[in-house]
Structures are given as structure tokens and as C-alpha cells.
Amino acid sequence: MKEGMIDRATDDFASFAPLADIIILSLPIKQTISFIKELANLDLKEGVIISDAGSTKSAIVDAAEQYLAGKPVRFVGAHPMAGSHKTGAASADVNLFENAYYIFTPSSLTGQDTLEEMKDLLSGLHARFIEIDAKEHDRVTSQISHFPHILASSLMEQTAVYAQEHEMARCFAAGGFRDMTRIAESEPGMWTSILLSNRETILDRIADFKERLDEVGQAISKGDEEQIWNFFNQAREQRQAMEIHKRGGVDSSYDLYVDVPDEENVILRILELLRGTSLVNIHINEENREDIHGILQISFKNAQDLERAEHLITENTDYTVVIK
């Protein structure tokens, strides 16, 4: 409240909830279901909208349809697909949801005007709203969100054990390792809840991945150079074809890489050239990696700014500029 983030706060949910026109439960899945049960026993406003922000949807939607059935309320499941491994109010970001998907999973308790009211309420997020069946949501997110967290944490645990005998593993871990394991810092309680509420689909993804690892292992064991090459090449082509560099299906930034010398004030010189151009982010790539185009990465909001920056830098310096 001191920061002006909220107007009122309470620890008396049962007394506060009946005053609300819209209730959004931003809790782990297990607690969300518990609060839905509690809401079912409260004298809520007629027509109140109840929603959530859980990362899995089937269990929550099923609970709402079970416990809120026959009540004069409306319920729509939701999953804002943006976040960070950081937690707490201090990590809040006003632009977090911009261009990101805000997924709605309608239920039998979702009225015709429910979604429009929610979109109006959330319009300031500048997110992209989409509707999808709850079960299909869980199948999709098990592959592109839940399973990657398992991989990241498994890789960290494997490396920690390995480093006990090969201590330089901690020192040499650089860009690629950092990128793959960043989400291993995510909050354990939340991810325990996610995995246990989407068991079947996640176990299916684990089994599928084991088979793929075995195939690669067999190719290495046989020395099958062609199969190994195809393995990497297919993955590269598939990644390039995915909208993986976009948020919410829309380009949220345009990246330019500048191969700059290690000299004093070189970055300040480039920024001076770009005075008046709107920058989204600046990143200095510190590791010597083959997959990094230059050492200075500058992100822009639109293609026009990107083109202007490329022109200014190439015209006024002899640095190599790459657009990716």
C-alpha cells in the first residue's frame, strides 16, 4: 500500500470477497481450488465474475464447475502467459504483459458478456487475449512451459553433482548454460503445484523425451555422423521457424548486434548515435560464443527504429552490424 500498488488490503477473505464485483485468484493451483470451495459458501454479489491466474486450467475449471454450480456467479479460467523467475511485489513490472498471451479457458459458468468485461478490465495490460479449451491448454503448456522447467532444474542438479568431482564445471558454465537454466530459479512451491495438477500430460512429455535422448545416445554410440548432423540441423530449422522470438505472436522487439572493440567509451559512442531512437533493451554479451552475433545487443520496439539504427551505426562506424 505504501507504494500505491493497491488501495485496500485485508486478511479476512470471507468478509472482503462479498464486496467484490470481480475476483481474480492469483495463487498456486491447490490454494486456488481451496478458495473456490470457500467462495461457494459465501454470499457473493449476484453476477460477480470469478477468475484465476493458474498455470494449469483443467483442475481449476473442473473445481469451479463443481463447487460454484447453481450459484449466481460467473467463472472463467485464465492464464496470463508472462512472468519471471523473480517473485514478490518488488519484482513487479508494469510492461510485463505487453504483447503476451492472456489465455481464457471458458467454463459452463462463463456468461456471454463475461469475456468482454474481463478484456475491458485488463485492457491496460496491452496483452493479446485468446480463448482455448482447458484440457488443450494443459496439453500445450506441458510441452512448452512445464516440461522445460523440469529440464532446467534437472540440468542444474546434474551439474551440481558433477561439479563435486569436476569443480571447473562451475567456472566454465557460461551463456548457453545460463540461458538453459535461468528458469531453475523459479519458486518451488508454485512448480510443485503445477506438476501435480497436470500429471498425465507431463509424464507423457517426460517419456517422449527419454526416447529422443536414447535415439541421440544410440547415434553417438554408433558414430552415425549423418544422424547426429540431422538431429542438430532439424532442431535449428524448427527453432528458426517457430515464433519463439515473439511474445504473444507479435514481434515485441527487434534485435541488432554490433561487433564492437574492447575500448573505452565505445558503447557510449553508439548510444550517442542513437539519441532520439526508442530502445527496448541493451545487453552486453560477455561470453565468447559462436551463436552470438557481436558483443553488443540492442533491442528496438519496431522495425523502423531498427533500420534507422543500422543505418546510423554502419554510416558512422566501421563496426560489423548484424540483424537477427
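I take two strands to pair if DSSP finds at least two bridges between them. The model I am reading is a predicted one.

Entry: I looked up an open sheet of 4 strands and noted its order as 7-8-6-9, with antiparallel pairing. At its edges I found strand 7 (279-284) and strand 9 (320-323); each has a single partner strand, so one side of each is left without a neighbour in the sheet. From one strand to the next, I noted a twist that averages 20°.

**Entry: strands 7 and 8.** I then followed strand 7 to strand 8 (residues 296-300), and counted 5 bridges in the antiparallel sense between them. Opposite Asn281 I found Ser299 in strand 8. As background, I wrote down that strands of a sheet pair through backbone hydrogen bonds, either parallel or antiparallel.

**Entry: the helix across the sheet.** I looked for what helix 12 (residues 303-316) lies across, and listed strand 6 (254-259), strand 8 and strand 9. Helix 12 runs at about 15° to strand 6.

**Entry: helix 3.** Which residues of helix 3 (residues 58-67) are buried? I listed Ser58, Ile60, Val61, Ala63 and Ala64. For the cover over these buried residues, my list includes helix 2 (29-39), strand 2 (48-52), strand 3 (73-80), strand 4 (101-106) and helix 5 (134-162).

**Entry: the start of the chain.** I placed Met1 in the segment before helix 1 (13-16). Is Met1 buried or exposed? I marked Met1 as exposed, because its relative accessibility is 58% and the cut-off for exposed is over 50%. Together with Met5 and Ile6, Met1 forms a nonpolar patch on the surface, for which I noted about 320 Å² of accessible area.

Note on methods:
Residues numbered from 1 in each chain as written. Predicted model: local features only at pLDDT ≥ 70, side-chain atom pairs only at ≥ 80, totals over all residues. Heavy atoms only, no water. Patch = residues over 30% accessible without salt bridge, like charges linked within 9 Å, V, L, I, M, F, W, Y side chains within 5 Å. Areas by Shrake-Rupley, 256 points an atom, 1.4 Å probe, with all protein chains shown as cover. Salt bridge = Lys/Arg side-chain N within 4 Å of Asp/Glu carboxyl O. Helix = DSSP H or I, 4+ residues; strand = E, 2+ residues; numbered from the N terminus. Buried < 20%, exposed > 50% of the residue type's maximum accessible area, 1.4 Å probe, protein only. Axes fitted to C-alpha atoms, helices over the stretch in contact; angles between N-to-C directions. Contact = heavy atoms within 4.5 Å.
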